[in-house]
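Please open the model in your viewer and keep the selection panel at hand. The tour below moves from one selection to the next.

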Amino acid sequence: MCKRAENNATISTVISYNPNTNVTVGYILSGDWVSIERALLGVPLQFKSYPHPLLLPILMNEIVVENVMLEVKDQEPQLFNIEKKTRFTNYKLHDSSLSLSHDDVGQLMQELGKVTGCFAWTWHALDAS
């Protein structure tokens with residue numbers, strides 16, 4: 001029995017290994033957010049040179065970590081842009097003459113909420129791995 005995580009950025013790998021025949025069977029289930037097709041193309045060759053049953057879960061975790069890092073890389077410029085607009089970086093206010101309108105603050109709060117949600121989601125994917 002395998003319960004898939006609610007985060008669609010994770011990959012479930014279920015395997016069964018028979019040491020007598022050195023045969024591993026199973027399946028890999030990925031969510032919409034993670035594309036595993038490209039990575040799966042190299043599995044038969046890697047498995048042929050090193051047929052250890054733990055190779056598949058390790059490879060799937062590598063894919064999840066790679067996707068998480070790409071997502072973080074995509075979110076960093078947005079966070080930097082918010083910090084630039086507010087002049088608030090590294091937990092210090094860099095310009096005390098900062099003057100933002102109520103609408104500007106509201107817009108920045110929405111943007112920051114989206115970026116924070118993305119970081120939380122990617123952290124959850126990394127934690128699940």
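Which helices each supply at least two residues of the nonpolar patch? They are α3 (55-86) and α4 (102-128), helices here being DSSP runs of H or I with at least four residues, and strands runs of E with at least two, numbered from the N terminus. This is a predicted model, in which local features need pLDDT of at least 70 and side-chain atom pairs count only at pLDDT 80 or more, while totals for chains, interfaces and linings use all residues. Residues are numbered from 1 along each chain as its sequence is written, and side-chain values use heavy atoms, with hydrogens and water left out.

Select V65, M69, W123 and L126, which make a nonpolar surface patch of about 400 Å² (Shrake-Rupley area, 1.4 Å probe, with only the protein chains shown counting as cover for residues).

Next, select β1 (11-18) and β2 (23-30), antiparallel strands joined by eight bridges (pairing requires at least two DSSP bridges). Within them, S16 stands opposite V25 in β2.

Finally, centre on the turn of this hairpin, where four residues separate the strands. N22, in that loop, has a positive phi of about 60° although it is not a glycine, and N22 is partly exposed, at 37% relative accessible area.

Methods. Buried < 20%, exposed > 50% of the residue type's maximum accessible area, 1.4 Å probe, protein only. Patch = residues over 30% accessible without salt bridge, like charges linked within 9 Å, V, L, I, M, F, W, Y side chains within 5 Å. Salt bridge = Lys/Arg side-chain N within 4 Å of Asp/Glu carboxyl O.
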